[in-house]
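This briefing concerns the pairing of oppositely charged side chains. The sequence and structure are shown below.

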Amino acid sequence: MLRTFITWLTIGFSLVFLPASSRAESLESVLMPGKVIEGHADLETNCKICHARFKKSAQNALCLDCHKDVAKDVAQKQGYHGRLAEQECRVCHTEHKGRTMNIAPLDEKSFDHKLTDFLLKGGHASAKVSCRDCHKPKAKFRDAPSDCFACHKKDDKHKGSLGTQCADCHQESDWKKTLFDHSKTKFPLTGKHRDVVCKDCHADPKFKGAPTACVACHKKDDEHKGKFGTKCESCHTDREWKTIIFNHDKDTKYPLRGKHRLAACTTCHTGFLYQEKLKTACVACHKNDDDKKGHKGRFGEKCEACHTEKDWTITTFDHDRDTKYPLRGKHIQAKCASCHTGSLYQEKLKTACVACHKSDDDKKGHKGRFGEKCESCHVEKDWKAATFNHDRDTKYVLRGKHITAKCESCHTGFLFKEKLQTICIACHEKDDKHKGQEGKKCESCHNERDWKASKIDHGLTRFPLLGKHAGVECKKCHMTSAFKDAGIACVACHEKDDKHKFKLGPRCETCHNALSWRAWRFDHNKQTSYKLDGGHERIVCEACHNKPMPRKVTLSNTCSSCHEADDVHNGGFGKYCERCHVTSSFKKIRAGVGGAAVH
């Protein structure tokens, strides 16, 4: 007791002579219960790093201030310390036991690995595995890696080619049993590939980098000898090699139709598929057929314009729809080569009838005189059936016998060069029996039905038919067809009937009329300049008109012209008897003449 007191007294006196800061440190080192472990040795003289004066509860926080990794586990409830029940650190880790003291003892047999972040399962839980297999000396337990590759790198047959995530394929129960999902790779296993063992494709355990192209494994099976390229999957499937999935209609710009569907691929694809650019024109494959049995190239290379893949002999070309020249009548039955004699797309075939039928026109037709517009009259149905409507299509309507007359009867020259006259005389001048006397308007009397049946209004002529003339036949007056040769004077026809023998002149109509020859009427006083009175009123015409006058009545009106023989004066008093005599009686003398008495 005394010794202890003396010791504390000695210490007290020693501290009196030290500075204040050094005095506190020296006191703490004197009062420390024992040395700390080697890891805390640099902190041994600074008690406040780990201890708080008069506050034991603060010690845990001070521990975690330095051991931040543990603090993180505790805060996040992870790792070994994060899963333990809350307690003081010193319960497990007691300090001041000396430099070499193990203040973190671990009982490997009783340690519960479930409290860590790495649960031991499968092969890891085996008794054959010791802690030191994973936890290396001089390393914290918590620093032991949790990934497979860190421990099993030497066992990796893939040599790192598949990465470090071994657990993606392997499991702890048996390293050789794999759970690899090939569908998560760039080459999912489908069809018969599912039954294939890995080594059949992955000859190298590295696996990664194994080729995915079919030809890499199946080149020896390629029946196309490489001509169809390396993209086998374009046509084949992994379910069955013989099943073709290639859809030519959908997968190419050339849909297969008709017999093309039945054709083998090599029929068209004779070369290397991806090196040659196969032409889609029919002639590319069928030129030989065209040369032997077809058009010999004359119809161009667009075979599809007429033919289909269903049947080469059936043509779909619609001349009416696809050209500007619709086919009608016998043209429908005509063979293409009948008109298209040359190279179809090099020649521009004319659509005029005469382009093909000129020889027919020259031999059996109009010999070019009717021009080249054959369609104006003819149709394709029958060459002989003319559709030309003269009434509708011209200004000259056909009537009567003109309807049955042949075109050449009138159109003797070149139809479109000559301007044919429409007057009758233009064609019938040689038939004119009137010798042109009646003019050129034949239609005034005649019609097209019958030339002989004429209808003339004689009233419109210079000699209207009156009285009995109306019932007289034309030929009675008109001895010939030269109608104008017939005179209009009565005497022209009735000379033989003239009882006056021209004594009264040629103008019978002066006295007579056409109603009756016997009924006549002549007023000498009104119709002549010689008035009949006295004895003249009772005498017959021939008494004065006693000589024929075939041209004109020119009888003198002097008395002596008739009474010269009766002149008792023998012309001594001249020829003007009327100066003395009167017509009532030759013997009666006018009053005042020669002393004659006035009666």
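D393 and R392 join their side chains in a salt bridge, with an N to O distance of 2.8 Å; the term denotes a side-chain nitrogen of Lys or Arg within 4 Å of a carboxyl oxygen of Asp or Glu. The model is predicted, so that local features need pLDDT of at least 70 and side-chain atom pairs count only at pLDDT 80 or more, whereas totals for chains, interfaces and linings use all residues. Residues are numbered from 1 along each chain as its sequence is written, and side-chain values use heavy atoms, with hydrogens and water left out.

**Pairs and their exposure**

- R392 is exposed at a relative accessible area of 60%, while D393 is partly exposed at 37%; buried means under 20% relative accessible area, exposed over 50%, and partly exposed in between (1.4 Å probe, protein chains only).
- R399 pairs with D391 in a salt bridge whose closest N and O atoms lie 3.4 Å apart.
- R399 is partly exposed at 42%, and D391 is partly exposed at 34%.

- D117 and R83 form a salt bridge, their closest N and O atoms being 2.8 Å apart.
- This pair links distant parts of the chain, 34 residues apart: R83 lies in helix α5, and D117 in the loop between α5 (79-83) and α6 (148-152). Helices (H or I, at least four residues) are DSSP runs numbered from the N terminus.
- D117 is exposed at 52% relative accessibility, whereas R83 is partly exposed at 37%.

**Network and total**

- Salt bridges link D69, D73, K140 and R142 in a network.
- The count of salt bridges comes to 14.

Definitions and conventions:
Helices (H or I, at least four residues) and strands (E, at least two) are DSSP runs, numbered from the N terminus.
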